[in-house]
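Subject: Structure handover

Hello,

Here is the structure I said I would pass on. Please open it beside this note as you read.

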Amino acid sequence: MTDTLEKRIAQSLEREVRGEVAAYARMLGEEAGADAVLFYGSNLRTGSLEGVLDFYILLPGPQQERVWPKVSYREWEHGGEILRAKIATMSLDKFAEAARGDSRDTTIWTRFVQPSALIWSKSEGTREKVSDAIAQAARTAARFAAALGPESGTPDDYWRALFQATYRAEFRVENPGRENSILSVNEDHFEGLLPLAWEADGIAYTRDGAMLNPSLEDGRRALILKSWSARERLGKPLNILRLAKATTTFEGAARYGAWKLERHTGIRLEVTPFREKHPLLAMPGAAWELWRARRRQR
């Protein structure tokens, strides 16, 4: 059944995307000397070019940074319009390790059990490696869902329990019911995925109509819950560390912040070279300019 899960994941990664998105991914991948580029997020589902496109760039070789991924923002004029992208970069090897659940990180397998598309890769071998990693992410997520979810329930009950637990562990501020919207808008993606992933991971289960009942031996359940407790303890400090790092290494942070501000308030702040290079130092001046602009609006 592992092959069945892997075949399903490989097919899901072949999602069609707009030509503009494919061209953007190719440019990013070739410039970075990457192994592969993944596309994910709401724009994958809607096909829209509005807002920010979300990419993961996977690099060859060992992971260079201890705190990953590196995050950047970029604007690209293509076909007469500005395409905006938020880009996360890390090594393919570290990505695969995190997807397997071999690190204390929860963000990779939680993110990539959800829909994504592999829209650029260096070779067929690399493509297979990325596909295998995404299949492992599904297995990791399903394993924790079996232990964190109810004794018996629908697949959505298990996914809900998993996402709620990861939100708490990752120090993420999500609107109540965020997990429900993930499941509802990606219904086709999650349909039948949980039992396939359980089978691939050696977790037996029984089915009674829509209800599933995973059968975890006490010893394995205890190991999974112990493993989860370690991730729960470290999740918040790890994500705070990533946020702290992002304040100094988020390339394009000033442009990203200015674009978000204009999008939500209609106020346009000039991104000067100083603000681009020193976004933290420039923050007081930008806040003063924003305050004055809001007073003028009123």
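First, the ground rules. This is a predicted model, in which local features need pLDDT of at least 70 and side-chain atom pairs count only at pLDDT 80 or more, while totals for chains, interfaces and linings use all residues. Residues are numbered from 1 along each chain as its sequence is written, and side-chain values use heavy atoms, with hydrogens and water left out.

**Overall**

The protein chain has 14 helices and seven strands. Helices (H or I, at least four residues) and strands (E, at least two) are DSSP runs, numbered from the N terminus. Of the 298 residues in the chain, 45% are buried. Buried means under 20% relative accessible area with a 1.4 Å probe, protein chains only; exposed is over 50%, and partly exposed lies in between. Contact means heavy atoms within 4.5 Å. Among contacts with a separation of 6 or more, 69% join residues 24 or more positions apart.

**The sheet**

Five strands form an open sheet in the order S3-S4-S2-S1-S5, with mixed pairing. Two strands pair if DSSP finds at least two bridges between them. The edges are S3 (70–78) and S5 (116–121), each pairing on one side only. From one strand to the next, the twist averages 30°.

S3 and S4 run antiparallel and are joined by nine bridges.

Ala36 has Ser121 in S5 as its bridge partner. Helix H2 (residues 19–32) packs on the sheet and touches S1, S2 (52–59), S3, S4 (81–91) and S5. The direction of H2 makes about 125° with that of S3. Axes are lines fitted to C-alpha atoms, for helices over the stretch in contact, and angles run from 0 to 180 degrees between N-to-C directions.

**The cores**

A nonpolar core is a set of buried Ala, Val, Leu, Ile, Met, Phe, Trp, Tyr and Cys residues joined through side-chain atoms within 4.5 Å. The largest has 54 residues. Leu38, Tyr56, Phe95, Ile108, Phe112 and Trp159 touch the most other members. Helix H6 (residues 124–148) gives the most to this core, with 12 residues. A second, separate core has 21 residues, including Tyr24, Leu49, Phe55 and Ala117.

Look at Ile108. Leaving aside neighbours within four places in sequence, Ile108 is in contact with Tyr56, Trp68, Met90, Phe95, Ala98 and Ala99.

H6 and H7 (residues 155–170) have axes 8 Å apart and pack at about 95°. They are therefore roughly perpendicular, the class for angles of 65 to 115 degrees; under 35 counts as roughly parallel, over 145 as roughly antiparallel and the rest as oblique. The contact of H6 with H7 has 11 nonpolar residues, with no polar and no charged ones. Here Ala, Val, Leu, Ile, Met, Phe, Trp, Tyr, Cys and Pro count as nonpolar, Asp, Glu, Lys and Arg as charged, and the others, Gly among them, as polar.

H6 also packs on H10, at about 95° with the axes 8 Å apart. Ala138, Arg139, Ala142 and Ala146 in H6 meet Leu193, Leu194, Ala197, Trp198 and Ala200 in H10. That contact has eight nonpolar, no polar and one charged residues.

The axes of H7 and H10 come within 9 Å and cross at roughly 75°. Pro155, Tyr158 and Trp159 in H7 meet Leu193, Leu194 and Trp198 in H10. By class, these are six nonpolar, no polar and no charged residues.

Why is H10 (residues 193–200) largely enclosed by the rest of the structure? Seven of its eight residues are buried. They are Leu193, Leu194, Pro195, Leu196, Ala197, Trp198 and Ala200. Just after H10, Gly202 takes a positive phi of about 75°.

**One histidine**

His189 lies in helix H9 (residues 187–190). His189 is buried, at a relative accessible area of 11%. Beyond neighbours within four places in sequence, His189 is in contact with Arg8, Arg15, Val113, Gln114 and Pro115.

Best wishes
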